[in-house]
Amino acid sequence: MEGNGSPLDARQNPFVYKFIIVALIVIAILFLLYLILKRIQKIHSSDKWIEAHKNLPTTQKDIKNVTKLANLNQEEKKLLWDICKHYKARNIVYLIRDDKELNELFKKAYNEMFLKEGENTKASLFELIQKIEKFREQSLFINTTKGLNEGQEFLYKDSSGVTWTLTLIRNSSQGLYLDIPQRFAQSEKKPEPLAKFTLTFTAKGGIYYKLQTRVIRYEVQKEGNTVLIASSTNTLQPMQRRSAKRTNVNKDCQFSAVQDDNNTYTVLEKKYTGILLDISVSGGKVICKMPIKEGQLIHVDFKLTDDITHEAIGKIISTKKSTEGNDFVLHIKFIEISLNAKNDINAYIYGYKN
């Protein structure tokens, strides 16, 4: 009698069956792992899990995670661990997203741990703070108008230089419904229907954005107010912030002209008075009675607190008349300033000194 297959077929079939069984087992294991990972991910993203873990003390693993996220160097990593360990700070992975609480932690560390340290160590502390701020800011970036909430204010500058405030009252798939002032609705300077125009706004986290949109139409509501309906966009442009954080000051200062002889600076004796309006480690603004020309070097003496007088040599980047028109505002870029002065400026800006 003739069989159903050859002896070779008979020997091969068990191997085929084994291969299929093994493949099915591997697929089942991979699928099980996928389900487990999804479950873990769901648990870790739940409010209950986050609430339970964000208040645990910071571990070295947490420090390692933040080091990677904020691109810290080894010195900054050690500083952060020393601070968290000393104050038993809650999980730094979550803490870095709370600006107020994090600043309180660093303020305490500055005054209790770092105030008596050398200037290089204090400078490293401020570098650490600024890197964490930069990471937090980048993590808050948005690129679409779709998630903006009602009440968000936008600024529009017309061709005459007048700035108008437009308020978001509805965000839908049809576009942005913007409540506009009555005077703007009647203005000839408002953008025409279907015309492109530019808006700016400040979003969550203090990030400033610019967007280009288009007028879909104007609508008069039942209440009598006029609404501008603008197109949504997925191309928000975060505006570049200054490289150095600054703050308003409004303190008396003195300044003198500086002679530059091949980068050897000589401060002239005659002094003039002014008011320091704002300051950062990279420069500041001084208001005075003198229209000093752009490019001039000056030496500035100033006090941020009552105890220390700081000095810096800077270049006037621009000179503008004040809004009243009687004074001149000097925009100054520092070209020579001590590390001590930089640290005190940062401490003042962050509220560590009053």
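L276, G284, K285, V286, V300, F302, I332 and F334 line the second largest cavity of this predicted model. About 30 Å³ of space lies inside that cavity. From there, we'll visit the other cavity, then a strand, then some aromatic rings.

**The second largest cavity**

- Three strands each supply at least two residues of this lining: strand 11 (283-288), strand 12 (297-303) and strand 14 (328-337).
- Which strand gives the most to the lining? That's strand 11, with 3 residues.
- Sort the lining of the second largest cavity by class and you get 6 nonpolar, 1 polar and 1 charged residues.

**The largest cavity**

- How many cavities of 30 Å³ or more does the count come to? The count comes to 2.
- The largest cavity holds about 50 Å³ of space.
- Its lining is made up of L304, T305, D307, I308, H310, D344, Y348 and K353.
- By class, the lining of the largest cavity splits into 3 nonpolar, 2 polar and 3 charged residues.
- If you're wondering how empty space gets found at all, rolling a probe the size of a water molecule over the atoms shows where it is left.

- Why can we call strand 6 (residues 226-230) largely enclosed by the rest of the structure? Because 5 of its 5 residues are buried.
- Look at which way the side chains go: T226, L228 and A230 point one way from strand 6, while V227 and I229 point the other way. Residues on both sides are buried.
- Strand 6 pairs with strand 3 (residues 175-179) in the antiparallel sense, over 4 bridges. Find Y177 and you'll see that it stands opposite I229 in strand 6.
- Strand 6 also pairs with strand 5 (residues 208-220), again in the antiparallel sense, over 5 bridges. Here V220 stands opposite T226.
- Strands 5 and 6 form a hairpin, with 5 residues between them. Check out G224 in the turn, which has a positive phi of about 100 degrees.

**Charges over rings**

**Aromatic pairs**

- The structure holds 11 aromatic pairs.
- One of them is Y110 with Y352, a tilted pair with 5.4 Å from centre to centre and 35 degrees between the planes.
- That pair links distant parts of the chain: Y110 is in helix 6 (residues 99-114) and Y352 is in the segment after helix 9 (339-349), 242 residues apart.
- Are Y110 and Y352 buried or exposed? Both are buried.
- Y352 also pairs with F126: the ring centres are 6.1 Å apart and the planes are at 20 degrees, so this pair is stacked.
- The F126 pair links distant parts of the chain too, with F126 in helix 7 (residues 119-139) and Y352 in the segment after helix 9, 226 residues apart.
- Like Y352, F126 is buried.

How values were computed
Residues are numbered from 1 along each chain as its sequence is written. This is a predicted model: local features need pLDDT of at least 70, side-chain atom pairs count only at pLDDT 80 or more; totals for chains, interfaces and linings use all residues. Side-chain values use heavy atoms; hydrogens and water are left out. Buried means under 20% relative accessible area, exposed over 50%, partly exposed in between (1.4 Å probe, protein chains only). Two strands pair if DSSP finds at least two bridges between them. Rings of Phe, Tyr and Trp (its six-membered ring) pair if their centres lie within 6.5 Å; planes under 30 degrees apart count as stacked, over 60 as edge-to-face and the rest as tilted. On a 1 Å grid over the protein atoms alone, a cavity is a set of points where a 1.4 Å probe fits but cannot get out, and a pocket is an open set with protein on both sides within 12 Å along at least five of seven lines; lining residues have an atom within 4 Å of a point. Grid points are joined across faces, edges and corners, and a volume is the space filled by probe spheres set on the points. Ala, Val, Leu, Ile, Met, Phe, Trp, Tyr, Cys and Pro count as nonpolar, Asp, Glu, Lys and Arg as charged, and the others, Gly among them, as polar.
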